[in-house]
Amino acid sequence: MGANSLLKAKPVVQTHDFGQQQRDSLHLSFNSGFAGSLLTSAKPMVNEKKRIVIAGGGFGGLFTALNLAGAGDVTLISDEDHFLFAPMLYEYLSGEVEEWHIAPQYKELLDQDINLVQDGVAGIDLEGRSVTFESSRGPLSYDVLVLAVGGVTNFAGVVGAAQFSLPFRKIAHADALRQRMVEALDAVPPDLPPQDVRSALTFAVVGAGASGAELSTKMADLLRDAFERRALRGEPRILLLEMGDKVVPGMGEEIRAFVESALQKSRVELHTLTRVLRVTENSVTVEHNGAQTEIKTAGVVWTGGVLMNPLIQDLKADKTERGLLRVRPTLQLVGHDNVFALGDIAYFPDATPTLAGTAQLALQQARLAARNLKSLLAGDPLHTKHFEELGEAVSLGTERAAVLAGGKAFGGPLARQARFAMYTSRLPTWHHRLRVGASWFFEGTTPRR
Ligand SMILES: Cc1cc2nc3c(=O)[nH]c(=O)nc-3n(C[C@H](O)[C@H](O)[C@H](O)COP(=O)(O)OP(=O)(O)OC[C@H]3O[C@@H](n4cnc5c(N)ncnc54)[C@H](O)[C@@H]3O)c2cc1C
């Protein structure tokens with residue numbers, strides 16, 4: 001039986017705890033466009049391994065793959081050789097965690113029955129059911145495709161931003177930033193007057209969302225620690241530049257209070273209602289209240305937003321105004337039953353709005369995607385689910401954090417421990433979780449000098 005026949009109409013089953021009446025009506029609600037074939041599930045595919053291709057090995061892609069073991073001939077494609085637990089990239093920058101903790105190699109995570117292709121996907125042929133690669137490798141055909149390639153840094157067209165500022169989304173970006181900080185420190189002679197030191201060690205972080213707040217406090221603590229050890233005079237200057245009127249706009253008031261207090265303690269200069277106009281190799285120009293100012297910088301780090309992955313930009317499919325792929329409640333692409341999309345590239349309405357563009361959402365969706373993919377192959381009804389916040393955690397410098405769990409926010413060193421514990425449980429595979437948990441427990445999480 002070809003893949004076409006197996007990918008026909010599927011009843012959608014909600015996994016909420018509905019009353020019987022609602023349940024009945026939901027059992028009778030079907031994916032759009034297939035009302036004519038109510039209750040006619042496709043026959044299960046027996047003795048034939050379907051080719052399942054997963055593009056992207058982040059929260060959405062890797063966790064889907066891990067939940068799919070044995071379901072078919074599964075291939076995971078990623079342009080990196082490792083997964084990245086991005087929420088702890090700040091701790092990697094500061095050396096509180098090691099690379100292997102948060103960026104384990106795929107080959108250490110995946111069973112032998114999952115094929116790994118390390119290459120960039122260059123194109124997707126939805127009609128012909130194949131993907132092409134950035135390398136000279138030939139196209140790969142699929143029966144079912146899972147799209148989870150995530151986003152890329154959004155420099156918002158600011159002059160010089162893409163060329164001169166440092167993005168912060170990958171291990172290589174954190175390495176480059178640490179290197180830049182070390183070089184800037186090395187260039188400062190110990191007897192330099194404090195005002196010159198401050199100017200030579202001015203860093204700007206663009207965007208005061210959670211990423212900007214976490215990164216700026218981490219950088220401030222790291223640089224201040226380096227100042228003490230190198231006996232430099234004065235102090236570094238960290239600017240946090242935000243176009244809007246507040247820090248962490250997507251988060252609640254309670255957690256914002258902790259973030260604001262941490263910024264003050266770390267002596268990060270927060271500039272709201274400040275637009276970045278230009279970035280050069282050694283400066284940033286900003287506009288506030290109509291006045292423009294050019295500030296000399298040792299580095300500008302860009303955490304100002306996420307842009308749609310170019311692969312998805314080029315894909316001819318139903319999208320929102322922002323370019324996100326429209327998916328059905330089952331995570332199937334509108335118009336393509338054999339394609340699932342999740343994570344940062346997908347618009348999934350049935351989720352708490354603050355979850356959009358988070359690892360938490362991608363992680364939860366991965367379970368649903370894998371489950372539905374298996375149902376699709378087996379000819380069983382597909383499911384949907386409402387996704388809720390699992391709790392928020394923000395790292396604030398090298399000694400503190402703020403956590404929102406069960407509707408209550410708390411901060412300080414205890415929150416930092418809670419954040420480590422919470423994130424241990426979200427790492428991929430039991431084996432990796434145990435190794436990392438043991439390392440953090442026995443070897444500690446003190447920042448690397
Ligand atoms: C620094 C940072 C901190 C964050 N902190 C938090 C946090 O505290 N809490 C939270 O909930 N969320 C956080 N996020 C957001 C979270 O990481 C994302 O929402 C989540 O990773 C989205 O999952 P995804 O699977 O859609 O994409 P990703 O996890 O980004 O995975 C995409 C994968 O696809 C690969 N890829 C991309 N293009 C191609 C291609 N053409 N071919 C092959 N492979 C490709 C990438 O290399 C990557 O492995 C953070 C993000 C960053 C960058």
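These are my notebook entries on what I looked up in this predicted model.

**Entry 1, ground rules.** I number residues from 1 along each chain as its sequence is written. The model is predicted, so I take local features only at pLDDT of at least 70 and side-chain atom pairs only at pLDDT 80 or more, while totals for chains, interfaces and linings use all residues.

I find 15 helices and 26 strands in the protein. Both are DSSP runs numbered from the N terminus: helices are H or I with at least four residues, strands are E with at least two. Of the 449 residues, 43% are buried. I call a residue buried if 20 or more other C-beta atoms lie within 10 Å of its own, exposed if 12 or fewer do, and partly exposed in between, with C-beta atoms placed from the backbone. I also looked at contacts between residues at least 6 apart in sequence, and 65% of these join residues at least 24 apart. A contact here is a pair of residues whose C-beta atoms, placed from the backbone, lie within 7 Å.

I asked which residues around the ligand are the closest. The shell has 31 residues, and the closest are Gly56, Gly58, Gly60, Gly150 and Gly343. The elements giving two or more residues to this shell are helix 3 (59–66), strand 3 (73–78) and helix 13 (359–378). By class I note 13 nonpolar, 14 polar and 4 charged residues in the shell. Ala, Val, Leu, Ile, Met, Phe, Trp, Tyr, Cys and Pro count as nonpolar, Asp, Glu, Lys and Arg as charged, and the others, Gly among them, as polar. The ligand lies between domain 1 (3–79 + 119–151 + 308–384) and domain 2 (161–304), because both give residues to its shell. The domain bounds come from an automatic or database domain assignment.

I went back to helix 3 and found 8 of its 8 residues buried, so it is largely enclosed by the rest of the structure. Phe59, Phe63 and Leu66 are among the buried residues. Their cover includes strand 2 (51–55), strand 3, helix 6 (106–109), strand 4 (114–118), strand 8 (144–147) and helix 13.

I traced an open sheet of 3 strands in the order 24-25-26, with antiparallel pairing. Strand 24 (392–396) and strand 26 (408–412) are the edge strands, each pairing on one side only. Two strands pair if DSSP finds at least two bridges between them. Strand 25 (residues 400–405) and strand 26 are joined by 5 bridges, and Leu404 has Ala409 as its bridge partner in strand 26. Helix 14 (residues 413–424) lies across strand 24, strand 25 and strand 26, at about 65° to strand 25. For such angles, axes are lines fitted to C-alpha atoms, for helices over the stretch in contact, and angles run from 0 to 180 degrees between N-to-C directions.

Where is Ala231? I place Ala231 in the loop between helix 10 (210–230) and strand 12 (237–241). Its phi is near 55°, a positive value in a residue other than glycine, and with 7 C-beta neighbours inside 10 Å Ala231 counts as exposed. Leu331 sits in the loop between strand 19 (325–326) and strand 20 (332–333). Phi of Leu331 is also positive, near 80°, but Leu331 counts as buried, with 28 C-beta neighbours inside 10 Å.

Technical notes: A residue is near a molecule or strand if its C-beta atom, placed from the backbone, lies within 6 Å of it. Two residues are in contact if their C-beta atoms, placed from the backbone, lie within 7 Å.
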